[in-house]
Amino acid sequence: MRMKLGFRIRFLVILGVVFSIFMACKDKAEKKEQPETEDTSRTDMTESKQGWTVLFDGTSFDGWNEYLKDGVSEHWKLEDGAMVFYPPQDRKKGESYNLVTQKEFTDFELSLDWRIAEAGNSGIFWGVQEMPSLKQPYQTGPEIQVLDNEKHPDGKNGIDRQAGALYDMVGPSKDVTKPVGQWNTMVIRIDHKAEKGSVHMNGTEIVKFPVGNESWNSMVSQAKFADWEHFGKYTKGKIGLQDHSDVVAYRNIKIREL
């Protein structure tokens, strides 16, 4: 009787161990089958602690509008976490679809990814004022160029027209752009307190320039903007993304105020 009881106990123990191993393997397999997802809440929390504010989270145009308009038209699409501009085929004379932030900024670091279409052109503005008398954001806001250096004509019109340039004023020290169709990461720093501005692209500083001082004024006076009444005059303004009649995409847009 004791032998039978001992056998049963050993049998139940072995059965329990086998069942535990089976369940552990099952849980492991189920976890492996589940796709890994990015913990966006944790990412947002980390960025917030580092002083970054997300301007575009990949899911909506909240915080943006087209220049001198109330909303965002169907020419800007949300695709795979990016905002993508598709120029209209039947554009009427004088129409444009530049995007601007609803908030204004003074001293900041702006970080974003951009991808331009073949032979495409776009740009990133700062210090933009939405004035009804001015039809384009570039009439107030200086531009950091976004370009296909190889196939757009501006790529051959001097380095101060190439990707990353402070347009028509300071060209990049080197071309670090990735091939068309790939994403480029750009960080623009504007610091009026230090009177300095800079552009990093794909991890390399390529442009440095003065801001908010006589050196800035002198630089503007030698550019095409010399006689533009409002160009580059405002230390505080909106961030803008340019409609230059080419397909362009932006994503991961965030800003850190200095």
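Let me start with Gln242, which is buried in this predicted model. Its relative accessible area is 5%, and the cut-off for calling a residue buried is under 20%, so Gln242 falls in that class. In the chain, Gln242 sits in the loop between S12 and strand S13, the latter covering 248–257. Which residues does Gln242 touch, if those up to four places away in sequence are not counted? They are Asn98, Asn121, Ser122, Gly123, Phe125, Tyr138, Glu143 and Val248.

The loop between S12 and S13 also holds Ser245. Most residues other than glycine have a negative phi. Ser245, although not a glycine, has a positive phi of about 70°.

Asn252 is not a glycine either, and its phi is positive, at about 50°. With a relative accessibility of 46%, Asn252 counts as partly exposed.

I turn now to the sheet. Five strands form an open sheet, and their order is S2-S5-S12-S7-S8. The pairing in this sheet is antiparallel. Which strands lie at the edges? They are strand S2, residues 64–66, and strand S8, residues 143–147, each of which pairs on one side only. From one strand to the next, the twist averages 25°.

Within that order, S12 and S7 are neighbours. Strand S7 spans residues 121–128 and strand S12 residues 237–241. The two run antiparallel and are joined by three bridges. Opposite Val128 stands Lys238 in S12.

The loop between S7 and S8 brings me to Thr140, which is located there. Thr140 is buried, since its relative accessible area is 0%. With neighbours within four places in sequence left aside, its contacts are Gly127, Val128, Gln129, Leu134, His230, Phe231, Gly232 and Tyr234. For Gln129 there is a further detail: a polar atom of the Thr140 side chain lies 3.0 Å from the backbone nitrogen of Gln129. How far apart in space are Thr140 and Gly237? Their C-alpha atoms are 9.0 Å apart, while 97 residues separate them in sequence.

Next, a hairpin. Strand S10, residues 196–201, and strand S11, residues 204–210, run antiparallel and are joined by six bridges. Met201 stands opposite Thr204 in S11. Two residues lie between the strands of this hairpin, and Asn202 there takes a positive phi near 50°.

Finally, the protein as a whole. The secondary structure comes to three helices and 13 strands. Of the 258 residues, 44% count as buried; Gln242 and Thr140 are among them. If we take contacts between residues at least 6 apart in sequence, 67% join residues at least 24 apart. The accessible surface comes to about 15000 Å², and carbon and sulfur atoms account for 52% of that surface.

Definitions and conventions: Residues numbered from 1 in each chain as written. Predicted model: local features only at pLDDT ≥ 70, side-chain atom pairs only at ≥ 80, totals over all residues. Heavy atoms only, no water. Pairing = 2+ DSSP bridges. Helix = DSSP H or I, 4+ residues; strand = E, 2+ residues; numbered from the N terminus. Axes fitted to C-alpha atoms, helices over the stretch in contact; angles between N-to-C directions. Buried < 20%, exposed > 50% of the residue type's maximum accessible area, 1.4 Å probe, protein only. Contact = heavy atoms within 4.5 Å. Polar contact = N/O pair within 3.5 Å; in protein donor to acceptor, adjacent residues only side chain to side chain. Areas by Shrake-Rupley, 256 points an atom, 1.4 Å probe, with all protein chains shown as cover.
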